[in-house]
Amino acid sequence: MEKQSFIDAAVQSDTDECILWPWGKTGAGYPSLSNASIHRVVCERAHGPSNGLCAAHSCGTKACINPRHIRWATYRENNVERRDHGRMPFGENHGRAKLTDTQVLAILKDLRPLNTIAGAYGVSKRAVLFIKQGVTWQHLTLSPSASASVQTSPAIPQETKLLCP
Ligand SMILES: [Zn+2]
C-alpha cells in the first residue's frame with residue numbers, strides 16, 4: 001500500500017486501536033513522510049489546521065497515526081502528555097499527586113520504617129516504597145552528598161521539535 005493511501009485509510013478508519021505506521025521513522029522513532037510529520041498530516045486531515053499547535057498523542061505510541069489518538073494541543077500540554085507516557089507521572093504538578101516535591105525529598109531521606117513514614121505523610125506504605133525505589137518521582141534525586149536537588153524542569157526531549165516545527 002502506498003503511504004498516501006495508508007494515511008487516507010487511517011483518516012477514514014473507525015477503529016479505536018492504534019494504527020501503526022509501517023514505514024520509515026525519524027531518529028526519535030516518529031513516523032515521517034519526507035520531511036513532514038505524519039502526525040501533523042493526519043491531524044490536519046482529521047481535525048483541521050493546526051493554528052500553531054502541536055500534534056499530541058493520547059495513546060503514547062509513537063508509531064501510531066490513528067487520528068482518534070492524535071489531537072492538536074499546546075506545546076506545554078504535549079510535553080506534559082509525553083512525560084506522562086514516558087514514565088509514571090507523580091510530579092508535583094500532576095493532578096493525582098498527593099505529595100509535594102519537598103515532602104518527597106524528605107521521604108527519600110527519612111530512615112524510619114515505611115509504615116511510620118506513610119503515616120506521617122498520610123500516604124500508603126506502597127507509595128513510600130515506590131518513592132524509595134525510584135519508581136515514582138524519578139525527577140527528584142538526592143545528590144551523593146545527601147543534600148536535596150530538585151529538577152523542577154526536566155529537559156525537553158529533542159524529539160519535541162519534530163512535532164512542533
Ligand atoms: Zn494510538
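Helices here are DSSP runs of H or I with at least four residues, and strands are runs of E with at least two, both numbered from the N terminus.

**Entry 1: elements.** I noted that the model is predicted. I then looked up the elements and found seven helices and six strands in the protein chain. I recorded their order from the N terminus as α-β-β-α-β-β-α-α-α-α-β-β-α.

**Entry 2: confidence.** I looked up the pLDDT next, which is the predictor's confidence in each residue, from 0 to 100. The protein chain averages 74, and 65% of the residues score at least 70. Which element has the lowest mean pLDDT, and which the highest? I found the lowest mean, 39, in helix 7 (residues 160–163), and the highest, 91, in helix 1 (residues 3–12). I also marked residues 144–165, over which the pLDDT is below 50. Beyond near neighbours in sequence, this stretch has 28 contacts in the model.

**Entry 3: burial and contacts.** I checked how much of the protein chain is buried: 24% of its 165 residues count as such. I turned to contacts between residues at least 6 apart in sequence and noted that 54% of them join residues at least 24 apart.

**Entry 4: helix 1 and helix 2.** For this entry I kept in mind that two packed helices are described by the angle between their axes and the distance between the axes. I read off an angle of about 45° for helix 1 and helix 2 (residues 38–47), with the axes 10 Å apart. Helix 1 is therefore oblique to helix 2. I recorded the crossing of these two helices as right-handed. Which residues make the contact? I listed I7, A10 and V11 from helix 1, and V41, V42, R45 and A46 from helix 2. Sorted by class, the contact of helix 1 with helix 2 has six nonpolar residues, no polar residues and one charged residue.

**Entry 5: helix 5 and helix 6.** I then examined helix 5 (residues 114–121) and helix 6 (residues 125–133). Their axes come within 8 Å and cross at roughly 110°. Angles of 65 to 115 degrees count as roughly perpendicular, so helix 5 is roughly perpendicular to helix 6. On the side of helix 5, I found L114, N115, I117 and A118 in the contact. Helix 6 contributes K125, A127, V128 and L129. How many residues of this contact of helix 5 with helix 6 are nonpolar, polar and charged? I noted six nonpolar, one polar and one charged.

Technical notes. Residues are numbered from 1 along each chain as its sequence is written. This is a predicted model: local features need pLDDT of at least 70, side-chain atom pairs count only at pLDDT 80 or more; totals for chains, interfaces and linings use all residues. Two residues are in contact if their C-beta atoms, placed from the backbone, lie within 7 Å. A residue is buried if 20 or more other C-beta atoms lie within 10 Å of its own, exposed if 12 or fewer, and partly exposed in between; C-beta atoms are placed from the backbone. Axes are lines fitted to C-alpha atoms, for helices over the stretch in contact, and angles run from 0 to 180 degrees between N-to-C directions. Angles under 35 degrees count as roughly parallel, over 145 as roughly antiparallel, 65 to 115 as roughly perpendicular and the rest as oblique. Ala, Val, Leu, Ile, Met, Phe, Trp, Tyr, Cys and Pro count as nonpolar, Asp, Glu, Lys and Arg as charged, and the others, Gly among them, as polar. A crossing is left-handed if the near helix is turned anticlockwise from the far one by less than a right angle, and right-handed if clockwise.
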